[in-house]
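Please open the model in your viewer and keep the selection tool at hand. The stops below take you from one selection to the next.

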Amino acid sequence: MDYKLINKVEIILPCSLENDEYVDPENKYCRFCKKNEQSTTFNNRSHAIPEFLGNLSLLMHTECDQCNSFFSKNYDTHLSVYTAFERSILGIKGKNGIPNFQHDSLLINVKYIENKQQIGIDPKSNFLKINMEKSTFTFNFPKNPFIPYSVYKSFIRMSFAFLPIEICNKLESTRLFLRTKNKIIEGSEVNTTVLKYTVKDHFKKLKLFIFQKAQESKVNRPEFISLFVYNDKAYQFHIPNKEMDNNTEKLQMNIIPVFENVYDIETFNFNKTELERNHTEKLTFQFAGIDSRDKSENFLRSLE
Ligand SMILES: [Zn+2]
């Protein structure tokens, strides 16, 4: 492999960290705007990975309140919409407990009533498919409107939090890219293509890996690659910068082989800056212990 792992975090949900932990040293210095306690404030609990994803305790000293609010408002709110259905259906607790989900079409919802999950699906919709041979059920669920570019920047913000601080200090262009609504770095449009694939049986886990290029290759590879795995979906992307990448040539990226069983490999370009309204995503479960037709039919009835 041309890449070496430089940082990694794994959280089992509900949050497997018992106490607050920090990803960085205690001196309060914002890695995003380079201000310190003399020139800005550090009063927020700045989560290295957004709290709504289930990370209740992994925090950072190196994000000031101003940057924290800017990122939450402009980027993370869209990641929150993007992941809303799966967080609700898998029962992932954020700041305010497990979220309910309601799609704008009103054809599908997930509610918690007295801690019991209730899924409502309009039977005329095609949001749920049952495969009796494979014993699986697949939600083909619609997402509420989100801005893809904001989701992408939320990914980059998360990755930037896990880069060693001395590397962050070198990547002035990435910092500017994050702190503004820019789509360009040094006059070139940032390539927002993300390699996306499904990882088998990976529910209720959150992982982030950061890789750095270990050797030169004939093709132009990005210096830093980040792999964010949330439940059964993996998102692999490069950390855009002009300081260490050669952006004049097309960057090429292969899947970094972290997982053995991956499928549904696709590329998705998060370059849209308007609301994406018709995005659907698949979420497939195996019925555990339900193997007779009779029980499956009961399951079907229970949704009506
Ligand atoms: Zn800051």
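The tour visits a metal site and then a sheet.

This is a predicted model, in which local features need pLDDT of at least 70 and side-chain atom pairs count only at pLDDT 80 or more, while totals for chains, interfaces and linings use all residues. Residues are numbered from 1 along each chain as its sequence is written, and side-chain values use heavy atoms, with hydrogens and water left out.

Select the zinc ion, which is coordinated at 2.3 Å by the SG atoms of Cys-30, Cys-33, Cys-64 and Cys-67 (donors are N, O and S atoms within 2.8 Å of the metal, or 3.2 Å for Na, K and Ca). The angles between these four donor atoms run from 104 to 116 degrees, which makes the arrangement tetrahedral (all angles between 85 and 135 degrees). Now select Cys-33, in the loop between strands S2 (21–22) and S3 (58–59), and Cys-64, in the loop between S3 and helix H1 (65–82); the pair therefore ties together parts that are 31 residues apart in sequence (helices, H or I, have at least four residues and strands, E, at least two, as DSSP runs numbered from the N terminus). Cys-33 is buried, with a relative accessible area of 13%, and Cys-64 is buried at 0% (buried means under 20% relative accessible area, with a 1.4 Å probe and protein chains only).

Next, select the six strands of the open antiparallel sheet, ordered S1-S12-S13-S14-S11-S15 (two strands pair if DSSP finds at least two bridges between them). Strands S1 (3–12) and S15 (262–269) stand at the edges with a single partner strand each, so one side of each is left without a neighbour in the sheet. Finally, select S13 (residues 224–230) and S14 (residues 233–238), which six bridges join, and find Leu-227 opposite Gln-236 in S14.

Definitions and conventions
Tetrahedral: all angles 85-135°; square planar, octahedral: opposite > 155°, others 65-115°. Buried < 20%, exposed > 50% of the residue type's maximum accessible area, 1.4 Å probe, protein only.
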